[in-house]
Amino acid sequence: MSSVGLCFLLFLSVTVCYWVPAGCYANGKVTKVCGSMEPHHGSSGQTGQSPYRLITNTTVFSPGDDILVTLSGSSYFEGFFLQARDATSQSSVSAVGTFILTNPAKTQLLTCNNQQDSAVSHTSDARLTEVIVMWNAPKDAPSAVQFFVTVVAHYKTFWVKQPGPIIYQHGVTPHPPQPTTTTTEAPTTTPSILPGPFTAEGCGLWKTCLLDPPGCDPKEELHCFFLSMTTVGLDKTSVMFELSGPAEGYLSFALSWDTWMGNDDVYSCVKDGNRVSVNAAFVSGRTHPEDESQSALSLVSWRLADGAIQCKFNRPAKLSSQERYDLDQEYFLFLASGRAVQGKLLKHSRQPLISTTKKRITGPPEILKGSRGPVILKMHGALMLLAWMLTGSVGTFIASFYKPDWPNQTLFGQKVWFQVHRALMMVTVTLTIVAFCLPFFYRKGWSKVQYPLTSGQMMK
């Protein structure tokens with residue numbers, strides 16, 4: 001078989017071995033918010049009248065009864081989360097009873113508070129206008145039960161823990177329900193607009209900076225990616241972050257224990273219309289950020305100008321949350337940018353800038369160096385060049401022009417030109433296989449196509 005044919009077969013076999021189907025994120029598994037029923041979308045729920053309503057087919061029940069519960073609206077919704085709770089205890093967060101599905105293709109049962117089938121959510125990103133389920137009253141049901149639902153119309157548009165009907169056990173006199181309000185924790189500060197661009201002045205003197213390209217100044221250069229960190233106070237109890245760069249939708253940086261994406265503390269500045277939202281989140285793998293929140297951030301400000309996004313915020317050096325890293329530890333720094341649709345993040349458009357060394361965030365000021373080309377991908381390029389620009393080309397050249405040479409000499413029973421040609425082509429094939437596999441080792445599989453966040457991600 002010719003070397004070209006052999007290379008093709010090897011390429012095809014490796015491709016088949018590494019192929020994995022594109023993942024789907026619309027799973028609706030939102031048990032992480034069983035108590036609060038609040039989506040972690042980096043924004044507050046709507047306070048106006050909800051266009052959706054929750055009804056039951058009866059107002060009285062007995063233990064063991066099946067009650068029909070219907071969620072409907074005048075417009076479609078992309079996600080929901082439904083529970084029943086004890087109406088006699090407004091502070092209770094425990095679910096009551098179990099649900100039975102009528103349409104398993106579009107709804108699913110969840111386990112909340114270790115009680116199986118005690119909540120219902122969506123299963124896909126299909127748009128819904130009505131959901132019908134059955135609720136089964138337990139033997140130890142309270143005298144009054146109220147249904148609650150969170151409904152997501154779009155990623156940034158949702159209504160949290162909307163109160164539904166109250167049903168009473170037979171023989172219990174209905175009473176006016178206590179007023180139920182859904183409160184959302186107010187941000188620590190109201191975001192303000194920055195008066196002007198950031199500057200690289202002071203980098204290495206009183207603040208730590210990561211710049212791309214090296215030595216650039218965001219005040220003078222529109223295409224400068226800039227991250228600075230300045231400790232606040234003599235005891236360094238907090239850190240002021242400044243983030244700037246050209247981006248269509250968002251800029252973000254992450255604190256990571258290693259140079260691989262996953263289990264990272266992420267901070268994003270996301271363009272949403274004519275404003276910028278600043279959020280803290282956590283990335284558990286090669287996924288979209290989870291648990292977006294502003295609760296840990298203060299003194300937030302931002303600016304949109306000349307195609308660049310700029311934001312500034314303060315964060316305490318230590319937090320009680322396990323998903324927020326302490327800033328007195330050493331981390332690799334990731335700096336990424338990409339597009340966003342209606343405040344929803346898409347996959348970053350280019351390889352993130354990664355600091356070449358770890359940095360203690362509260363440590364001495366310095367100017368960090370970074371690279372967008374991981375060593376393993378540089379090895380891929382070097383091996384490919386070596387294989388096809390050197391060994392492959394030389395092997396082909398010898399086979400084409402050196403056949404008449406050394407007519408009476410052999411090497412291991414074959415003509416010298418053939419042995420040299422074969423050895424070079426075997427080296428070419430070996431280098432090609434190794435170089436082809438390196439990107440898969442780096443990505444840990446076949447790269448998946450990323451789309452805007454779907455309803456499954458919306459309720460995470």
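Over how many bridges do β1 and strand β3 (residues 66–77) pair, and in the parallel or the antiparallel sense? In this predicted model, the two strands are joined by five bridges and run antiparallel. Within this pairing, Tyr-52 faces Gly-73 of β3. Both strands belong to an open sheet of four strands, arranged in the order β1-β3-β8-β5 with antiparallel pairing. The edges of this sheet are taken by β1 (52–56) and β5 (98–101); each has a single partner strand, so one side of each lacks a neighbour in the sheet. From one strand to the next, the twist averages 25 degrees.

Strand β3 also contains Thr-70. Thr-70 has a relative accessible area of 11% and therefore counts as buried, the limit being under 20%. Apart from neighbours within four places in sequence, the contacts of Thr-70 are Arg-53, Leu-54, Ile-55, Glu-130, Val-131 and Ile-132.

A second open sheet has seven strands in the order β11-β19-β20-β14-β13-β12-β25, and its pairing is mixed. Here β11 and β25 (367–368) are the edge strands, each pairing on one side only. Strands β12 and β13 run antiparallel and are joined by five bridges; Thr-208 has Met-229 in β13 as its bridge partner.

Ser-192 is located in the edge strand β11 (residues 192–193). The relative accessible area of Ser-192 is 37%, so this residue is classed as partly exposed. Contacts of Ser-192, leaving aside neighbours within four places in sequence, are made with Val-300, Ser-301 and Trp-302. Ser-192 and Cys-311 are separated by 119 residues in sequence, while their C-alpha atoms lie 9.7 Å apart.

Elsewhere, strand β21 (residues 330–341) pairs with β22 in the antiparallel sense over three bridges. In this pair, Ala-340 is positioned opposite Leu-345 of β22. Strand β22 (residues 344–348) is largely enclosed by the rest of the structure, because four of its five residues are buried.

Side chains of opposite charge can pair when their charged atoms come close. The model contains eight salt bridges. One of them joins the side chains of Lys-207 and Glu-242, with an N to O distance of 3.6 Å. This pair links distant parts of the chain, since Lys-207 is in the loop between β11 and β12 and Glu-242 is in strand β14 (residues 238–246), 35 residues apart. Lys-207 and Glu-242 are both buried.

Asp-265, Arg-315 and Arg-324 are connected in a network of salt bridges. Between Arg-315 and Asp-265, the closest N and O atoms are 3.5 Å apart. Arg-315 is in strand β20 (residues 308–316) and Asp-265 in strand β16 (residues 264–272); the two are 50 residues apart and link distant parts of the chain. Arg-315 is buried, at 0% relative accessibility, and Asp-265 is likewise buried at 0%. For the salt bridge of Arg-324 with Asp-265, the closest N and O atoms are 2.8 Å apart. Arg-324 is in the loop between β20 and β21, whereas Asp-265 is in strand β16, so this pair ties together parts of the chain 59 residues apart in sequence. Arg-324, like Asp-265, is buried.

Several backbone features were also noted. Most residues other than glycine have a negative phi, and most peptide bonds are trans. The peptide bond from Asp-212 to Pro-213 is cis, with omega near 0 degrees. Pro-213 is in the loop between β12 (208–212) and β13 (225–232). Met-37, a residue other than glycine, has a positive phi of about 60 degrees. Met-37 lies in the loop between α1 (3–18) and β1, and is buried, with a relative accessible area of 0%. Asp-117 also has a positive phi, near 60 degrees, and is not a glycine. Asp-117 is in strand β7 (residues 115–122) and is partly exposed, with a relative accessible area of 24%.

Tyr-402 is in the loop between α2 (375–401) and β27 (410–411). The relative accessibility of Tyr-402 is 32%, so this residue is classed as partly exposed.

Notes: Residues numbered from 1 in each chain as written. Predicted model: local features only at pLDDT ≥ 70, side-chain atom pairs only at ≥ 80, totals over all residues. Heavy atoms only, no water. Pairing = 2+ DSSP bridges. Axes fitted to C-alpha atoms, helices over the stretch in contact; angles between N-to-C directions. Buried < 20%, exposed > 50% of the residue type's maximum accessible area, 1.4 Å probe, protein only. Contact = heavy atoms within 4.5 Å. Salt bridge = Lys/Arg side-chain N within 4 Å of Asp/Glu carboxyl O.
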